[in-house]
Amino acid sequence: MRPVLGVQPHLNHSHSLNPSFTFSPLLGSPLSFSFYDGLLKSCYDLPSLQQIHSSLTTSGIISKNPHLCARIIIKYAQFGKVNSSRSLYDADKTSSVLWNTMIRAYANGGHSVETLDLYSLMRRNGISPDSYTFPFTLKACASRSLILEGEVIHGDAIKTGFSLDLYVEAALVDMYAKCGQIDAARKVFDEMPMRDTVCWTAMITACEQAELPEEAVVLFQEMQQAGVFADAVSIVSVASAVAQLGDTMRAHMIHAQVIYNGYLMDVSVGNAVISMYAKCGNVDKARLVFDLMEERDGITWNSMLSGYSQNGQASEALMLFDEMLDLGHKPNPVTVLIMVSVCACLGYNYLGRKFHDFIIDSRIKVDANLQNALMDMYAKCGELDTALNMFNDIHPSERNVISWNVLISGYGTHGFGKKALELFSQMVQEGIEPDHMTFTSLLSACSHAGLIEEGRKCFADMKNFVTPHVKHYACMVDMLGRAGLLYEAFDLIRQMPSPPNDDIWGALLLACRIHGNTELGEIAAKNLFQLEPEHAGYYVLMSNLYAASNRWQEVWKLREHMKKRRLRKHAAFSVIEFGREVHGFHTADRVNPFWQEVHRKIESLQVEMKMAGYVPDLSCVLHDVEEEDKEHTLKYHSEKLAVAFGIMKTDPGLAIQVTKNLRICNDCHSAFKCISHIYGRKIIVRDGNRFHHFHGGTCSCNDYW
């Protein structure tokens, strides 16, 4: 039997229409619309769409059915052919449906200016906007932060009586929030007589994106109390807010909500939960969620890699990256940025160069962000000259503020404070506006180099560019404290416009430890124990300050307190590269396969150094033991073992480069100056704060660190 419309459609496996077909539907048939509507729903490529459009035009159906015309307009826009959409729209401007459809096509395609121009034309032609018009025009305003245009459209919505439509209100909240008018967004939200999931989600997302995480979490709780169902989008937003807060307890609650609502298999939700746990410092939970996800996309891998990187677990990030490649997942530009950061964190030269080669071999485009990240990596791997060469290779017009910040920071951490100041002057002369990070790096450089007056001037002048933040005050406290100006640093803390955080008090406590000021040290420690009661490092610093003052009773009290709270200090650990291998040493290490050879070398080094005038600094041993035992303890510090290994195993013409997780002690510092003179070797040590370049019996820090 012949089909009613004279055509038997067939769709191939890709849902494309058979190109041999001709369409000859009966114009008067009530099935015409449903027939073509079905074809359009099954249309997944441009040639098929063009074929359907041609048939509708030839048959004359398109001129009689604006809804089919609207469908084709949207389809063309989805295929990126917005000009074809506009041509179809221009053929018939009488229907408000087509005006709304074209506005929607422009807005969804990111054509904000065209969206608003068409809206203005619509108003001039006397076509009344409706509840379908406003959400898309407001979306266009939001995407370009066009607050004035958004306020005009808000006024139009009020005049036409659509301002209380749920979707319009949600769009208004989103528009005001993305234009930075969070109070206006909240006012619209609070005046809404009814709120559905879309409205709640819009306000929660607005608060989260405005970095008001506490408000976002409270809103989410109110949404649940109102009995409104939380969808995947609202879960993602509130998870991001909890991540900003770093609140582990709330993270568990959000995770429970995700499981209860059955959203864990939603990739976007899973990604948000991984990121949330990682930013709360619970990497194990993040990895558990990652391992349980049946489907993973690029964001999933990046979230987990970033979690490891942010929490100092660089080795785990490397292993996960290898697993990612083994499973056939290709790294994207974000993945590469994360891994360059991981290499920078580890500070391994060979690994950094190997990854740079991987980027080149993979033909990954090196944009400004990646170029800056590579510069930072080389600077943190001890290759400041390579970082400088990369900076000079960037065309001056392509250098952004981050490029300058990276090199200023590099000079600072390597102890070249005056070079950092010179580079800052050049940066300003070339018209680059410094930001908060510029001054953080600059003040830190002054601190490391002991440039007190220059640091004071920098802190005073920065107010011409940016408002000082807590981190800038922390740099100033560190700078003044290292110089022994402890009471000036304390006065600065008391004058701060905002409450001092643990970075501020931590800088003061470290300075008190260096200069032996127990009185101010106790004030700093008291504040730190309240702010960060689980941070073992602060207890250790105060314990060491008491020990240096021979107040052993106080030392025992602190150590007993740490035991009760189950706090353990970080063990010293130093690593050295040997070819393609990395060898690590703990203090008095007996695990490394070369430990016996290294210990014998330490003994011979001790004799050579003493003959050259080295005297062990016994004050570095903060235990109540005999002096002979103190000297024995000093010999086997982790960084000394690593340097001894370097002398034994590396080419005499190469620098010995060691990375240590904690601050280098005075005795090791003196020993390395002596060794660099005896052996004529350059020794580079990157400790927890900075780089030390030992050569010919001196250090680049000039004994100021």
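Two strands pair if DSSP finds at least two bridges between them; strands (E, at least two residues) and helices (H or I, at least four) are DSSP runs, numbered from the N terminus. This is a predicted model, in which local features need pLDDT of at least 70, side-chain atom pairs count only at pLDDT 80 or more, and totals for chains, interfaces and linings use all residues. Residues are numbered from 1 along each chain as its sequence is written, and side-chain values use heavy atoms, with hydrogens and water left out.

- Strand S5 (residues 691–695) is largely enclosed by the rest of the structure, because four of its five residues are buried (under 20% relative accessible area; exposed is over 50%, partly exposed in between; 1.4 Å probe, protein chains only).
- S5 runs antiparallel to strand S4 (residues 683–686), joined by four bridges, and Val 685 stands opposite His 692.
- Four residues lie between S4 and S5 in their hairpin.
- Two bridges pair S5 with strand S6 (residues 698–699) in the antiparallel sense, with His 695 opposite Thr 698.
- In the hairpin of S5 and S6, Gly 696 takes a positive phi near 60°.

**Salt bridges**

- The structure holds 23 salt bridges (a side-chain nitrogen of Lys or Arg within 4 Å of a carboxyl oxygen of Asp or Glu).
- Lys 640 and Asp 667 form a salt bridge, their closest N and O atoms being 2.6 Å apart.
- Lys 640 lies in helix H36 (residues 638–649) and Asp 667 in helix H37 (residues 666–679), so the pair ties together parts 27 residues apart in sequence.
- Lys 640 is buried at 5% relative accessible area, and Asp 667 is buried at 0%.
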